[in-house]
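Me: Please show the sequence and the structure. I will then ask about particular contacts, sheets and helix pairs, and I want each answer to end on what I asked for.

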Amino acid sequence: MTILVNKDTKVLIQGITGGAGAFHTRQMLDAGTNIVAGVTPGKGGQKFDDKIPVFNTVSEAMEATGASASVLFVPAAFAADSVKETVAAGMDLAICITEGIPTVDMVGVRAYMENKNTLLIGPNCPGLIAPPVNQKLGITPHSVTKPGKIGVISRSGTLTYEAIGQLTALGLGQSTCIGIGGDPVGGMDFVDLLALFEEDPDTDATIMIGEIGGTAEEQAAAFIRENIKKPVAAFIAGATAPPGKRMGHAGAIIAGGKGTAAEKIAALKDAGVAVSPTPAAMGTTLASLLK
Amino acid sequence: MKIHEYQAKEIFSRYGIPVPTGEAAFEVDKAVDIAGRLIKETGSETVVVKAQIHAGGRGKGGGVKVVKGVAAAKEAASNILGMNLVTHQTGPEGKKVGRLLVEQGMDIARELYMGFVVDREKRKICLMASTEGGMEIEVVAAKTPEKILKAWFDPAIGLLPFQAREIAFGLKLEGKQVGKAVKVMSSLAKMVTAEDASLVEINPLVVTGDGDVIALDGKVTFDDNASFRQKRHLDLRDESEEDPIEAEAEALGFSYVGMDGDIGCCVNGAGLAMATMDIIKHEGGEPANFLDVGGGADAETVQKAFKIILSDDRVKSIFVNIFGGILRCDVLAEGVVGAAKEMGIEVPLIVRLEGTNVEIGRDILAKSGLKIHSAADMGEGARMAVELAKA
């Protein structure tokens, strides 16, 4: 009924005692997330808010609590190392919220992940929310979500919220919503997640939200053409962005004339994807595919 | 962050990558001194005077002169320093040249291309090399992609010697040139990782008549995310190359990119900020800026960001489009109200608020006494911003 997590998934928070980690842990608990442990090196033995045990290492936390998914709020300078710790411990899923990790560090993380089992979402992302099972592993405001059968995949945090908000307003609930992050090098991409939604019996259609920079949307278009039978809607941000400028996200830059919104929109349309003409029409564009 | 060619070459030297002998000059007299010294040291009359700006295509724009003798070097330096250099990368407005690099002339037998980038698809660092040096690599890639040789590596392992040898032989290097090129590639690979470079380009990398392999040019861009551990790169910053507002925004912790329109945008999140510009354009307006106040913004940062928009006198309406996640709506509202009270606000303010703590945020705005046009969604907000800017 959802992808990547279910109602029994036990969640660990790395960086639980930091400012952002603590704030969002409380938000996640409010949303119903099954948080069983936290990790902050040097604070092992404490309890977060008098209830969640804090450990020094990920492997200790996993052994003691059976956590299988981790959400990372670790500062950028240490985040790559923490992701590797999560991978080494054998966690099923790592979701890295942290923004500003050096690209070279993420290249190192990807190399470290080869031949290991952990799936990575992010970094520089809002994480995952699965409304049907009340699991929020990240920072998406759960108040705008609604349980249902639409999958959401996005490179942008706030545009994910925007898409979810529009779907909910139209009465279209979501199965799982994933922000894959705005960095040049990260974890799972559109293709990986489209494949999971295709197999999920409780997802009817997917909306993917891309932006300028890189070729992930073109790869997704090629994959959709060959492999995806469920309806897909899309929106690409950055049609008005000037070339050569980094637009907030480290990965959002038109380089050498490549990575423009126009190329991505053309590739997606060519693959039969319904591309929303404006960011305000994401929900209605997807709804039009369901009739 | 971009740096100048002469700064890139100083870093190359530190990593053992051969560069022509030369020095930077900010004044003509200094350039003349350097030219005189180079002629004495090398025994050759040929020197090169190169404009130092953060843009390519300098030669075609008249910013690079190969001259013989001190007098000619003085003339070239006087002509180039202070000139407004227009290249295909500067845009039609050009860039004023404030710095020169004066170098020894080289005896060039072959011009090659060498570059390092992060390959986003393969998630590795990619070394690119080509026999077509001196040409724009984008053109080579489009017309003759088979002439670009590539090798990928993981920073923890580094570029392996056999990979560099394969490239060297692929470039048709011979004899001692092979070993020299391998050394250049290995050193550059180390430099890319150690210095957190997101782009390194040497175009051209030349083979001299004596068979030496030398970086005749150098372009380096650093990964801004790594600035916390590359403190000495801060000294390489040339503020005259930066848009002052963009630099101020960066220092305050948010992203700002100036545009040509008259509708100010204040948004949280890079994707939504881009999309907000897109929808303003879709509704027939023109955005004045891209502004992502960022997720971790506090009220003070929002206030400073909003002041930047208020101080742009082209702005005829302001669209605040917020979907609170990490950034809470109450924090945003406090910042907007603070800035508006401090500076006064003369143009229509359109606000669309959604997400975390939205009720508290709306309440703060309602009680502020500011005249606010509330929008139910971003489509309505964009339409209102466009209409009110025209009114």
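**Contacts, sheets and packing**

Me: Which residues does A:Asn124 touch, not counting residues up to four places away in sequence?
Reply: Contact here means heavy atoms within 4.5 Å. Leaving out residues up to four places away in sequence, A:Asn124 touches A:Cys96, A:Ile97, A:Thr98, A:Glu99, A:Gly181, A:Gly182, A:Asp183 and A:His249.

Me: At what pLDDT do side-chain atom pairs count?
Reply: Residues are numbered from 1 along each chain as its sequence is written, while chains are lettered from A and ligands numbered from 1 in the order in which they are written. Side-chain values use heavy atoms, with hydrogens and water left out, and this is a predicted model in which totals for chains, interfaces and linings use all residues, local features need pLDDT of at least 70, and side-chain atom pairs count only at pLDDT 80 or more.

Me: Is A:Asn124 buried or exposed?
Reply: A:Asn124 sits in the loop between strand S7 (119-121) and S8 of chain A. Strands (E, at least two residues) and helices (H or I, at least four) are DSSP runs numbered from the N terminus. Buried means under 20% relative accessible area, exposed over 50%, and partly exposed in between, with a 1.4 Å probe and protein chains only. With a relative accessible area of 11%, A:Asn124 is therefore buried.

Me: In what order do the seven strands of the open sheet in chain A lie?
Reply: Two strands pair if DSSP finds at least two bridges between them. The pairing in this open sheet is mixed, and the order is S9-S8-S11-S10-S12-S13-S14.

Me: Which are the edge strands of that sheet?
Reply: An edge strand of this sheet pairs on one side only. That applies to strand S9 (135-138) and strand S14 (274-275) of chain A.

Me: What angle does the direction of helix H5 of chain A make with that of S10(A)?
Reply: Helix H5 (residues 157-169) packs on the sheet and touches strand S8 (127-130), strand S10 (147-154), strand S11 (174-179), S12 and S13 of chain A. Axes are lines fitted to C-alpha atoms, for helices over the stretch in contact, and angles run from 0 to 180 degrees between N-to-C directions. For H5 and S10(A) the angle is about 155°.

Me: Are H6(A) and H7(A) roughly parallel or antiparallel?
Reply: Helix H6 (residues 190-199) and helix H7 (residues 216-227) of chain A pack at about 30°, with their axes 9 Å apart. Angles under 35 degrees count as roughly parallel, over 145 as roughly antiparallel, 65 to 115 as roughly perpendicular and the rest as oblique. H6(A) and H7(A) are therefore roughly parallel.

Me: Is the crossing of H6(A) and H7(A) left-handed or right-handed?
Reply: A crossing is left-handed if the near helix is turned anticlockwise from the far one by less than a right angle, and right-handed if clockwise. Residues that meet here include A:Phe190 and A:Leu194 in H6(A), and A:Phe223 and A:Ile224 in H7(A). The crossing of H6(A) and H7(A) is right-handed.

Me: Which residues have the most contacts inside the largest nonpolar core?
Reply: A nonpolar core is a set of buried Ala, Val, Leu, Ile, Met, Phe, Trp, Tyr and Cys residues joined through side-chain atoms within 4.5 Å. The largest one has 97 residues, and those with the most contacts inside it are A:Leu137, A:Leu194, A:Met208, A:Met247 and A:Leu268.

Me: Which helix gives the most to this core?
Reply: The contribution in question is eight residues. They come from residues 270-282 of chain B, helix H8.

Me: Is H8(B) parallel or oblique to H12(B)?
Reply: The axes of H8(B) and helix H12 (residues 378-390) of chain B come within 9 Å and cross at roughly 55°. That makes H8(B), relative to H12(B), oblique.

Me: Which residues of H12(B) make the contact with H8(B)?
Reply: H8(B) passes H12(B) in a right-handed crossing. From H8(B), B:Leu272, B:Ala275, B:Thr276, B:Ile279 and B:Ile280 take part, and from H12(B), B:Met378, B:Gly379, B:Ala382 and B:Val386.

Me: By what angle are neighbouring strands of the four-stranded open sheet in chain B turned against each other on average?
Reply: This antiparallel sheet has the order S1-S6-S2-S3. Its edge strands are S1 (22-25) and S3 (64-68) of chain B.
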